Amino acid sequence: MTRAGIIGTGSCVPKHVLKNSDLEKMVETTNEWIVTRTGIKQRHIANDGTACSDLATEAALKALQSANKTPDEIDLIIVATVTPDMNFPATACLVQKNIGANKSAAFDLESGCTGFLYGLTVASQFIMTGTYKCILVIGSEVLSKIVDWEDRNTCVLFGDGAGAVIVSNVNEGGILQNYLRADGTGGELLFMPGGGSRNPATLASVEEKMHHIKMKGNDVFKFAVRAMYDATENILNKAQMSIEDIDIVIPHQANKRIVNAAARRFKIPEEKLFINLDKYGNMSGASIPVALDEAFNEGRIKKYDNILLVGFGAGLTWGSCIINWNY
Ligand code: UT7
């Protein structure tokens with residue numbers, strides 16, 4: 001089978017920055033509470049006219065440039081998101097149109113904050129079997145549009161952004177292992193009840209705030225720590241590696257305390273962890289690809305480094321991926 005690897009990355013966040021001090025004026029919260037409980041200091045927020053496909057398109061164009069590929073070379077576009085422009089058509093089709101990827105298939109994938117890892121895994125299968133040669137995988141979110149800005153339990157956590165990678169066949173290294181899991185019994189710990197076929201949009205659904213994120217933060221926190229542990233342990237076993245073989249860990253950027261708990265358990269030293277949630281908050285499916293792009297551009301990732309990507313989110317879903325970086 002052909003090896004699949006990442007050959008280019010790109011990301012984009014909206015210009016407007018919402019600081020914790022701004023949130024202090026919107027809900028009953030403090031900078032001190034947000035920083036000590038989450039590690040988040042600010043987040044980027046899209047303006048009224050900006051949708052998921054706009055951020056996804058910008059990230060995609062940067063990834064194409066970094067991989068030295070033209071839109072015509074793209075065989076498939078996968079967009080992982082919980083905040084698509086609309087229910088249909090797929091945001092991936094809107095990106096396909098925007099970048100002029102005229103020979104490409106396109107679909108969206110919804111696996112909460114684990115969506116990018118699901119997308120990367122699907123893409124790597126298509127490359128490994130030789131079905132496709134060049135795939136654009138994007139995680140893009142405009143969570144500010146579904147956040148309840150009166151709910152201090154959730155509105156301080158999330159931010160907007162998009163990250164993209166180009167997955168193609170490589171001669172050595174590349175995506176070494178994937179691990180994906182789901183547990184639908186925890187679906188109501190983190191969800192948006194309105195807008196689908198179960199609770200279509202009505203005046204009542206709007207009044208009852210069914211079109212906003214609902215989260216049992218404490219329960220998600222406990223699940224997240226367990227998920228980080230399970231996803232790390234299982235992928236290391238699958239890859240027959242130990243944590244010492246990993247050069248950098250890029251976790252889902254939800255909460256510094258969740259990352260620290262997992263890092264303590266595996267004795268991962270601070271310098272091997274990549275954290276940027278202080279600047280962006282939790283960008284759901286966009287958080288890992290944005291962090292990957294930033295880590296690479298900051299020189300934190302060197303050729304032949306082993307990278308562990310690990311994440312968790314709504315569904316419930318969780319997963320991980322080990323990549324031997326070779327570009
Ligand atoms: O991508 C996956 C999605 N989500 C997550 O990963 C989130 C996982 N969960 C978490 O990160 C944490 O559970 C939170 C950051 C959401 C909350 O932290 P916590 O340490 O679990 O706090 P808590 O929910 O136990 O709340 C403690 C207190 C409560 O007050 P009482 O009931 O003890 O009086 C909350 O009402 O903190 C209060 N609180 C706040 N206070 C100031 C909740 N939100 C805020 C706030 N500012 N923004």
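This is a predicted model: local features need pLDDT of at least 70, side-chain atom pairs count only at pLDDT 80 or more; totals for chains, interfaces and linings use all residues.

Trainee: How many aromatic pairs does a search of the whole structure find?

Mentor: The search finds 5 aromatic pairs. Take F126 and Y132: their ring centres lie 5.0 Å apart, with the planes at 55°.

Trainee: What makes F126 and Y132 a pair, and why is the pair called tilted?

Mentor: Ring centres must lie within 6.5 Å to pair, and these are 5.0 Å apart. Stacked planes would be under 30 degrees apart and edge-to-face planes over 60; the angle here is 55°, so the pair is tilted.

Trainee: Why does F126 count as partly exposed?

Mentor: Buried means under 20% and exposed means over 50%. F126 has 26% relative accessibility, so partly exposed is the label for F126. Y132 gets the label partly exposed too, because its value is 23%.

Trainee: Which residues do ring pairs link into a cluster?

Mentor: F223, F312 and W318 form that cluster.

Trainee: How do you know that the charged end of R265 sits over the ring of Y229?

Mentor: The rule asks for CZ of Arg within 6 Å of the ring centre and within 35 degrees of the ring normal. For R265 the distance to the centre of the Y229 ring is 4.0 Å, and the charged end is listed as sitting over the ring.

Trainee: What about the largest cavity, and what makes its lining mostly one kind of residue?

Mentor: The count is 1 cavity of 30 Å³ or more, and the largest cavity has a volume of about 60 Å³. Its lining divides into 10 nonpolar residues, 1 polar and no charged. Among the lining residues are M228, T232, F266 and V310. Helix 9 (256-266) gives the most to this lining, with 4 residues.

Trainee: Which residues have the most contacts inside the largest nonpolar core?

Mentor: They are I246, L308, F312 and I322, in a core of 48 residues. Helix 8 gives the most to this core, with 10 residues.

Trainee: What kinds of residues line the largest pocket?

Mentor: There are 17 nonpolar, 16 polar and 5 charged residues in that lining. The pocket has a volume of about 1,000 Å³, and of its 38 lining residues V82, T83, P84, I146 and M192 lie nearest the centre. Strand 5 (105-109) and strand 9 (190-191) are the elements that give two or more residues to the lining.

Key: Residues are numbered from 1 along each chain as its sequence is written. Side-chain values use heavy atoms; hydrogens and water are left out. Rings of Phe, Tyr and Trp (its six-membered ring) pair if their centres lie within 6.5 Å; planes under 30 degrees apart count as stacked, over 60 as edge-to-face and the rest as tilted. Buried means under 20% relative accessible area, exposed over 50%, partly exposed in between (1.4 Å probe, protein chains only). On a 1 Å grid over the protein atoms alone, a cavity is a set of points where a 1.4 Å probe fits but cannot get out, and a pocket is an open set with protein on both sides within 12 Å along at least five of seven lines; lining residues have an atom within 4 Å of a point. Grid points are joined across faces, edges and corners, and a volume is the space filled by probe spheres set on the points. Ala, Val, Leu, Ile, Met, Phe, Trp, Tyr, Cys and Pro count as nonpolar, Asp, Glu, Lys and Arg as charged, and the others, Gly among them, as polar. A nonpolar core is a set of buried Ala, Val, Leu, Ile, Met, Phe, Trp, Tyr and Cys residues joined through side-chain atoms within 4.5 Å.
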